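This report takes the fold piece by piece. Keep the sequence and the model open while reading.

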Amino acid sequence: MKKRSLAALLMAAAMTLSLAACGGAGAPAASSSAPAASSAAEEPAESAHFSVAALKGPTAMGLVKLMEENDARTAALLSSESRPEESGDAPAALKSQNVYSFTLAASPDEVTPKLIQGELDMACVPANLAAVLYGKTEGQVEVLAVNTLGVLYIVENGNAVQSLADLKGMTVAASGKGSTPEYALRYLLEQNGVDPDRDVTIDWKSEHSECVAALASGAASVALLPQPFVTVAQSKLEGLRVALDLTEEWDRLDNGSGLITGVIVARRDAVEKNPSAVEAFLQDYAASVDWVNANTAAAAELIGSYGIVDAAVAEKALPACNIVCLTGEEMHQRLSGYLSVLYEQNPQAVGGTLPEDDFYFSA
């Protein structure tokens, strides 16, 4: 018997797994923020084959368990196809209605053209880029979930910084001028009574590594860094401490919004073609996030094996990467509030206008 193409096998997997679901196979447990699972009396969700891209870094970390299970399921299918006498039900942990093709990229520039052109169904991207894509495609991109909250931290060689107000009169090494790190820092300083233009000197560097070098040389004692660069810097600089978690500082404002790094978006036509399969993806994704957050060491090994972040760095950084799967109203409230803050800082940060309500996927 001739082997079928991988695409055909993936679709066969979708059909097989959908039939297995009809037979009562259990789906992965969803997190509290994921859409509720269908009741037994309802029709099972349709299956689909989704092409998904993610960026190497925190926004891809929550996907690794789903990636591993999907790879194992595909391998099992290929094996049963070549040896039909050994075919049978896939392992229980791998029974899911959807099949996925995952791509890891180094930068958003590698992902956005493929998403716009229809080569990708979904992508994990920076939160503000999602809003830009919504405007650029005239609403043909929507956001499914928040996958990463803030990953920005104020680090210090010393013990002088206990609050944002303590940054008055100091110099802070930072990178990301003209982008979300600058807007987030300026907003938080302003909300804490610190004028970012007069009360503090922000020494803008072109890369995070330059901030680490400035700390190492003594040219700077305070810096703004994201994870996992914080963990990398602490491994090189003895005594470097995390002074402030900007996600916590944002949450203290208690204004209903949140500091958000990444989201997962989808092409609207892919969603409208099979919304129940999209909901099933969110359940798969939420289960993967739950597993990653509950199994740091094992998750770090997977993250390293997929080349997302070095395993040793990932194990130390994971607890501070704020990996989540926020959907529905909570996603809408937090993300819309965050995008509004960016818009006030610089409208072009979100593409010139704020997205309409149809930007936010609702199950």
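In β3, Val-52 has Met-122 as its bridge partner. The model is a predicted one: local features need pLDDT of at least 70, side-chain atom pairs count only at pLDDT 80 or more, and totals for chains, interfaces and linings use all residues. Residues are numbered from 1 along each chain as its sequence is written, and side-chain values use heavy atoms, with hydrogens and water left out.

**The sheet**

Helices (H or I, at least four residues) and strands (E, at least two) are DSSP runs, numbered from the N terminus. Two strands pair if DSSP finds at least two bridges between them. Six strands form an open sheet in the order β2-β1-β3-β10-β4-β11, and the pairing is mixed. Its edge strands, β2 (99-105) and β11 (323-326), each pair on one side only. Neighbouring strands are turned by 25° against each other on average, direction ignored.

Strand β1 (residues 49-55) pairs with β2 in the parallel sense over seven bridges. Val-52 stands opposite Phe-102 in β2. Buried means under 20% relative accessible area, exposed over 50%, and partly exposed in between (1.4 Å probe, protein chains only). Six of the seven residues of β1 are buried, so this strand is largely enclosed by the rest of the structure.

**Helices on the sheet**

Contact means heavy atoms within 4.5 Å. Axes are lines fitted to C-alpha atoms, for helices over the stretch in contact, and angles run from 0 to 180 degrees between N-to-C directions.

| Helix | Residues | Strands touched or crossed | Angle to β3 |
|---|---|---|---|
| α4 | 108-117 | β1, β2, β3, β4, β10 | about 140° |

Asn-128 sits in helix α5. Asn-128 is buried, at a relative accessible area of 18%. Leaving out residues up to four places away in sequence, Asn-128 touches Thr-180, Leu-339, Leu-342, Ala-349 and Val-350.

**A helix pair**

Helix α11 (residues 275-294) packs against helix α12 (residues 296-305) at about 115°, with the axes 6 Å apart. Angles under 35 degrees count as roughly parallel, over 145 as roughly antiparallel, 65 to 115 as roughly perpendicular and the rest as oblique. α11 and α12 are therefore roughly perpendicular to each other. From α11, Trp-291, Val-292, Asn-293 and Ala-294 meet Thr-296, Ala-298, Ala-299 and Leu-302 of α12.

**Aromatic pairs**

Rings of Phe, Tyr and Trp (its six-membered ring) pair if their centres lie within 6.5 Å; planes under 30 degrees apart count as stacked, over 60 as edge-to-face and the rest as tilted. Eight aromatic pairs turn up in a search of the whole structure. Trp-250 and Tyr-338 make a tilted pair, 5.7 Å centre to centre with 55° between the planes. Trp-250 lies in helix α9 (residues 246-252) and Tyr-338 in helix α14 (residues 328-345), so the pair ties together parts 88 residues apart in sequence. Both Trp-250 and Tyr-338 are buried. Ring pairs also link Phe-50, Tyr-100, Phe-102, Phe-281 and Tyr-285 into a cluster.
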